[in-house]
Amino acid sequence: MSLHSARAAALLAWVNSTKVCPDPLNDLSQLQDCNVFIRIIHKIHRSKEGESLLEQPLPERISFVRGFLQKHCRHKLAAENLVSAQKLVDGEELALAKVAVLLLYHTSMSCKSPGDWNEFDYKTQVELASILKFVLDNEESLNENLEPFLLRKAPPSSSSTSSSSFEEHSPPQSLPHKREVRFLELQKIASFPSTNNMLPSPPSSPMGDIMQTPQFQLRRLKKQLAFERENRDGLEVELAENRKLIMEKEAQITMMQQRIDRLAKLNEKQAADQLEPKEMEELREKNESLVGRLHEAFRQCQDLKTEKAQMDRKINQLSEENGDLSFKLREIASHMVQLQEALNELSEEHNAALAQSQEKQGQLENELRTALQDKKSSEEKIEILQGKISLLEDQLAKLEECNSQERGEVMGDILKLEELKQEVSSLATKGAELQATVLRLEEEKQVREAALQSERGRFEEEKQQLSSLVTSLQNSLSESHRAQERLEQDLQARDAEGQA
């Protein structure tokens, strides 16, 4: 069974967008040598480590790629079965597509911002967004579900369409106060001390929308928190090594001090025995040498203690900042969950009110159609009766020229004429009433449509403000990540100075 063409094309478009190869690729089979995958990994980490692998045999390149996926892509246990080394060696397109999917997921979690996806057309973004959404929803069952997903078109998910339905519908006129109160609650939920600078939301796109969902943001926060924990563990290991080195130096100093004490006692004993001046001079020189070495050892120990104190302060500072970051990340995750729940509740209220409004609109349109039909029927009856009246009036005009006997014969027609005039008058009155009803219904319909349009505009404005709040959350997270990177750079610079 061949790969799903649209998803394969989208993955290939994403690989070409990384610009790690001079010429664009035309088929997934061109990824068989794994060089493009290795270059993408180097670009993600902004480093040149492993670049020599490009000249190594294919099995070693495949081992490097699979090792990266097991370490960084949250699928350590499943990666062995998910991406087969033998299938990569054979150049199977399905296996290559799996690697591309995992790298797309890791890149999106690591460095891609929503604005970077505007280089893709809408159809490609839709496919890439569906791939990311699938991985998010099936992280624990990728072994069973990823292959069928890449080989066929998966049925549309109800959760994937919630965003579009949320944007297409607007709130009805009957709930303006409640909707405004609900939005204030959402603002309160989404706000926290580091979100003072509100930036405009990026242009709407499928990839931008999926990356702004609470599910995606929460997964990214968890990934970054795990990365920060690994950095903290590394610092703690380094601190333990430094403490061990200091203890070894202190032990050496203690041993040297004991040797000096023994030599001093021997010196005193020899002086008491009145040794020869030459031997005394040799002992004095040895003693001075040992004292000098002792002073140097003391100086080194003091330097190590000073460095240890600085490292302790730095570790304490990093631990405090890491704790603050962890608390902030947990707080953000909690806010994101509450925000999603409130948005879901708001969407349900909006859908119910919209259905009620549409039902009322249908009733108004039915009443208007009925009134228009009645009006048309009355007008047709009036036209028929007016024709009859005109005919009878012509006959009456002729009767004025006839004798009284003939007038008596047509007296019945005259009474029939009077009844027609009364019926015409009654129909005219009814027509006027119908006209008033039609005008009233049309005015009510126009007012209803204007209200719906106004509420739709208010709903869109609230949606834009919510997008701004989500963007602010993302900016706050980026600031925290940059602060962590600066701390790591300071620590690396300190280590380099220590080694020098």
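Salt bridges, in which a side-chain nitrogen of Lys or Arg lies within 4 Å of a carboxyl oxygen of Asp or Glu, number 7 in a search of the whole structure. Side chains of opposite charge can pair when their charged atoms come close. The structure is a predicted model, in which local features need pLDDT of at least 70 and side-chain atom pairs count only at pLDDT 80 or more, while totals for chains, interfaces and linings use all residues. Residues are numbered from 1 along each chain as its sequence is written, and side-chain values use heavy atoms, with hydrogens and water left out.

One of these salt bridges joins the side chains of Glu147 and Lys98, with 3.5 Å from N to O. Glu147 belongs to helix α8 (residues 142-151) and Lys98 to helix α6 (residues 93-110), so the pair ties together parts that are 49 residues apart in sequence. Helices here are DSSP runs (H or I, at least four residues), numbered from the N terminus. The two partners can also be described by their relative accessible area, where buried means under 20%, exposed over 50% and partly exposed in between, with a 1.4 Å probe and protein chains only. Lys98 is buried, at 8%, whereas Glu147 is partly exposed, at 30%.

Helix α13 (residues 277-399) holds both Arg299 and Glu296, which are 3 residues apart, about one turn of the helix. Their salt bridge brings the closest N and O atoms to 2.4 Å. Arg299 also meets Asp303 in a salt bridge, at 3.0 Å from N to O. Asp303 and Arg299 are 4 residues apart in helix α13, and therefore about one helical turn separates them. Through shared partners, the salt bridges link Glu296, Arg299 and Asp303 into one network. Each member is partly exposed: Glu296 has a relative accessible area of 33%, Arg299 of 42% and Asp303 of 40%.

Helix α6 also takes part in a helix crossing. Its axis and that of helix α3 (residues 58-72) come within 11 Å and cross at roughly 45°; axes are lines fitted to C-alpha atoms, for helices over the stretch in contact, and angles run from 0 to 180 degrees between N-to-C directions. Helix α3 is therefore oblique to α6, a word for angles that are not under 35 degrees (roughly parallel), over 145 (roughly antiparallel) or 65 to 115 (roughly perpendicular). The contact (heavy atoms within 4.5 Å) is made by Val65, Phe68, Leu69 and His72 of α3 and by Val99, Leu102, Leu103 and His106 of α6.

Note on methods. Helix = DSSP H or I, 4+ residues; strand = E, 2+ residues; numbered from the N terminus.
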